[in-house]
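Please walk me through this structure in the viewer. Tell me what to select at each stop and what is there.

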Protein chains: 2
Amino acid sequence: MISDLENIWSRSSRSLKRSVIRELLKLTARPEVISFAGGLPSPDTFPKEDLKQVMMEMMDQESNFVLQYGTTEGDMILRKRLVEKQYRTIEGMDITVDNLVIVTASQQALDLIGKIFIDPGDKIIVGAPSYLGGLSAFRTYGADMVGVELDDEGMDPVKLEQTLAEMKAQGTRPKFMYIIPDFQNPTGITMPEERRIKILEIAKKYDVLILEDSPYREIRFEGQHQKTFFSLDNTGHVITIGTFSKILCPGLRIGWVIADKRIIDKIVMAKQAADLCTSPLTQRIAARFLEKEKMNELLSSTVAMYKEKRDIMIEAFEKHMPEGVSWVKPQGGLFLFLTLPEHMDSETLFMKAIEKNVAYVIGSAFYAKEGGLNKMRINFSYASKEDIREGVRRLAEVIRENM
Amino acid sequence: MISDLENIWSRSSRSLKRSVIRELLKLTARPEVISFAGGLPSPDTFPKEDLKQVMMEMMDQESNFVLQYGTTEGDMILRKRLVEKQYRTIEGMDITVDNLVIVTASQQALDLIGKIFIDPGDKIIVGAPSYLGGLSAFRTYGADMVGVELDDEGMDPVKLEQTLAEMKAQGTRPKFMYIIPDFQNPTGITMPEERRIKILEIAKKYDVLILEDSPYREIRFEGQHQKTFFSLDNTGHVITIGTFSKILCPGLRIGWVIADKRIIDKIVMAKQAADLCTSPLTQRIAARFLEKEKMNELLSSTVAMYKEKRDIMIEAFEKHMPEGVSWVKPQGGLFLFLTLPEHMDSETLFMKAIEKNVAYVIGSAFYAKEGGLNKMRINFSYASKEDIREGVRRLAEVIRENM
């Protein structure tokens, strides 16, 4: 071993410390803990029989292809399917396969987008709060992330415009703004169409790209699908990320980026140096599964399952939570934010919760800088119905005892 | 679309241009071209029936696990298997699972190692020539790559020491040296043990880590296995990369990094931001395949197949190649370097070769700076035996006509 390992880390990796969150989350894995902390979909939503069938047929008919290296752009059958059956038709997005690259799930999308745009010190607009995975990807490239508060419809346009105007006055401009408009991870908030149009106007006025991350917009319990930022724009001002992790299963590690062709080209070149190609095997499994036209049925049952869990959770909140605690009732997705009275701190509360065998993610994890001390992200997709009821009871007890 | 996309790329992505090599390689995909350009293993080496069997059993017994998110460190069964059945026992490496992380194949290993060590301008020692994938990964992070010539036993220790001494005199030190010691991609050269010991001494003298990349050391046709740098050191001075891409199949996208625990920890943190986890599905396929104890049999048949192809190729060289052309006869692997007379340029020759329906990779692609103009990398694993004979005939004709 060299004499001074600690001196040769890159600047960005010096900032990679064992994060508080990682350490806290390890505690949530104890079997007796009812965890609302993870972002895991329920295994009950995995179409195991169908996927097994797909795999067997695939190995009989196209094993030479799926076991070999693939192209960096991704499986053409999968790309065409997404473009033609999903994005052009259902979402009204004016794209071709040249606008879509397959990546090794959303996290790689965030990493590569960070890589192609961000130099150390570059400003990125994010929600306060925002998705932790996005924050860590951008932080890796030395981004200076500027949080814009959310109200109950998502990113606040007045505060956004203020922020951008201040930056402009200082002669800077963010590389992009990162928005999770559908049942946001972590808050559960959905940005309605009017607000999206307003945000898009501001983005165009200040000449700033929008990065739209929508991992599970199909998992809607009630209300109307809101058009994607991408389709409201259709001029290449928006980069959209999607994934199969929550609507099919995470184990395939498949996501995609949709953007202007020049951006896709850069992502492809960056991806080639990052991992050459996403597994052709898992991509073809996804493609052949889609071709069986079972996705709609799967989504219906996933939606029903998560809706029921959400309802059970909200009921349990109403039954057990003390006065002063509030929560978002999300229209879809897997997550919601619980807000404690302002004087409380979800980080100090965490160990007390673990002692009572219940867990969540501390709110401050989702803020680029300060914020969220009295908030917690709660996941309702994973725990069983009984565990949801019991877990909420325990959590409410912890909160009450520490108010 | 914003008004000035070309102005907002990060510095590292400005340097990602449509590379000459990428463009040339597209031409090699035409069906009538006999291509010695790719690095593809032969699909005849893929154990399709066994893998299908493994997948079926896996989906019957552990589908909830493989379809879910996995840990960033990777599949524990796979990690233990590699550590206990391969690296501790066969390779004599003093490691535990804490020293091994699974990554999304070798390319991700190179990317993450680049990410955790390299700041723009940092020096990296590489072979002249070296593996293109390594060069592009390190280039992404702004490395200043310094090439050290190879002789017929690999990196030249005298030139290496000269280079390091010069750097030291200028007050700099490379972050690591990147070495591909077994049937090197691209040259096919194997570094014998004595040379490895010498290089290791120099690395320790100048306090520089060694990054050892050995993607297919089991694919040996003749001669003795040479101990890994890692096992010759066993003090954490070496980082070793491995992969299943050439010894099992590329489509699973599985590789691993073995290093001092502190380095593994940084890689895990960087990987979490890069893609969260490698597919648990493809990792478990690999693990269960290994447990069937079929790997040795597979390797035997792969070795026999590639040895035969190498022999056919060398025979064809001897039969057709004009005076003044030389080549490496590799002891294993998938590649060899062909050297043309010094006045010739394999890049200008390339289009003429394409016109005659034969392809290779131009030598200069494998040099961090200048070099390799009269060299070409030839792959012998992929083409059929008939195509190898015919392809070499065509290539020799092109060379002769342009001498």
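Predicted model: local features only at pLDDT ≥ 70, side-chain atom pairs only at ≥ 80, totals over all residues.

**Stop 1: the cores.** Select A:Phe244 and B:Phe244. These two have the most contacts inside the largest nonpolar core, which has 212 residues. Now show what surrounds A:Phe244. Leaving aside residues up to four places away in sequence, A:Phe244 touches A:Leu78, A:Leu82, A:Cys249, A:Ile254, A:Trp256, A:Ala286, A:Leu290 and A:Met295. Another core, of 76 residues, lies apart from the largest one. To find it, pick A:Tyr141, A:Ile180, B:Leu5 and B:Tyr141, which are among its members.

**Stop 2: the helix pair.** Select residues 48-61 in chain A and in chain B; each stretch is helix H4 of its chain. The two helices pack at an angle of about 175°, and their axes are 10 Å apart. Angles over 145 degrees count as roughly antiparallel, so H4(A) and H4(B) are roughly antiparallel to each other. Next, show side chains. From H4(A), A:Lys48, A:Leu51, A:Lys52, A:Met55, A:Met56, A:Met59 and A:Asp60 meet B:Lys48, B:Leu51, B:Lys52, B:Met55, B:Met56, B:Met59 and B:Asp60 in H4(B). Colour this contact by class: 8 residues are nonpolar, 6 are charged and none is polar.

**Stop 3: the sheet.** Stay on chain A. Here 4 strands make an open sheet, ordered S10-S11-S14-S13, with antiparallel pairing. Select 326-327 for S10 and 361-362 for S13, the edge strands. Each has a single partner strand, so one side of each has no neighbour in the sheet. Finish on A:Ile362, which stands opposite A:Met376 in S14(A).

Notes:
Residues numbered from 1 in each chain as written. Chains lettered and ligands numbered in written order. Heavy atoms only, no water. Core = buried A, V, L, I, M, F, W, Y, C linked by side-chain atoms within 4.5 Å. Buried < 20%, exposed > 50% of the residue type's maximum accessible area, 1.4 Å probe, protein only. Contact = heavy atoms within 4.5 Å. Axes fitted to C-alpha atoms, helices over the stretch in contact; angles between N-to-C directions. Parallel < 35°, antiparallel > 145°, perpendicular 65-115°, else oblique. Nonpolar A, V, L, I, M, F, W, Y, C, P; charged D, E, K, R; others polar. Pairing = 2+ DSSP bridges.
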